[in-house]
Amino acid sequence: MKKLKFQQQFNLNYSLNCGQTFNWTNQDDCWYGVIKNDVYCLKQDDNVIYIDSTDSDCINTMKKYFRYQDNYELIISCISLDPFIQTAIQNFSGLRLIRQDPWECTLSYLCASNTNISNIRKMLDNLSKKFGNRLTFHDKQFFTIPSPSTLSNAYLSDLIKCKVGYRAKYIKRSAVFIDQNSYIFDELKIMNLINARKKLSDSCEMFGVGPKIADCILLFSHDMLDSFPIDTRILQTIKQYYRYLLDPEMYKIQNDKSTLTSYQYEYLSKIMIDYFGPYAGYAQEFLYCQYGLSDKFTR
DNA sequence: CAGGTC
DNA sequence: CCTGG
């Protein structure tokens, strides 16, 4: 058992359970999760997390994963721009963005279209059980998230057995592409958000990745903290609390339930990033959680 | 109808 | 569109 003390605010539950990541489970008063080929068991006490893991370098892995180096207080002060987000920040104080592995993040969000969090968890769990490697820890079974090469060789029919539905072809095609072109993740890291999003969502090789999922991948696994993914919850939040930031012409266009056009998506994204600034992604996560309070929180 | 996309 | 509530 090792320990990691955070100098600034940190809340493990919020960070793992706010819909950024989908393969952690709370069992026996401990958060269990798999990252790459290792199992981690985490508990929090004050600002310390206790770590039990198969990873001998788990302290450093966790420092990276929970963005230990981020200046949390600075970030919070940068985004505390109005009473609504201030409430969200108070309600979820200690929530941190997580730095995920690019492929694991991509696969998770390929599963995330047009469904709910509990179903995303099930899809990922099914994929891991069927295609991942089995690990044993604390007498429990865990499974790694399957690699691009494994999934690129999978039969579509076996993917469909994992209950991913129409996403099976997205997963298969993206896995084939990433297996052959894993360098794309390194290329993205040195691009700016706009170009990186375009590269991901316009690429017909990354089938199933549109602007929203691209923004999630860039925020959660490419250190683009300005990325502000706009999903249904965030769209509702913008309409309710940030409508005054929008050009009235633009507001008129999206008053129904249909999906945003890419033009509308890019417009809204720009407005919100201009407003919240370089750490807009942190703001997005607080707003996402806050919406969960005012609604049936499925998890 | 749910953290969209083709 | 798949699928589950």
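Me: Over the ring of which residue does the charged end of arginine 173 sit?

Reply: A charge sits over a ring if NZ of Lys or CZ of Arg is within 6 Å of the ring centre and within 35 degrees of the ring normal. In this structure the charged end of arginine 173 sits over phenylalanine 207, 4.0 Å from the ring centre. Arginine 167 has its charged end over the ring of tyrosine 166, 4.5 Å from the centre. The model is predicted, with local features needing pLDDT of at least 70, side-chain atom pairs pLDDT 80 or more, and totals for chains, interfaces and linings using all residues. Residues are numbered from 1 along each chain as its sequence is written, and side-chain values use heavy atoms, without hydrogens and water.

Me: How many aromatic pairs are there?

Reply: A pair of aromatic rings is described by the distance of the centres and the angle of the planes. Rings of Phe, Tyr and Trp (its six-membered ring) pair if their centres lie within 6.5 Å; planes under 30 degrees apart are stacked, over 60 edge-to-face, and the rest tilted. The count here is 18 aromatic pairs. One of them, tyrosine 109 with phenylalanine 220, is stacked, at 5.6 Å between centres and 25° between planes.

Me: Is tyrosine 109 buried or exposed?

Reply: Buried means under 20% relative accessible area, exposed over 50%, and partly exposed in between (1.4 Å probe, protein chains only). Tyrosine 109 is buried, at 2%, and phenylalanine 220 is buried, with a relative accessible area of 2%.

Me: Which residues do ring pairs link into a cluster?

Reply: The cluster linked by ring pairs holds Phe6, Phe10, Trp24, Tyr65, Phe66 and Tyr68.

Notes
Chains lettered and ligands numbered in written order.
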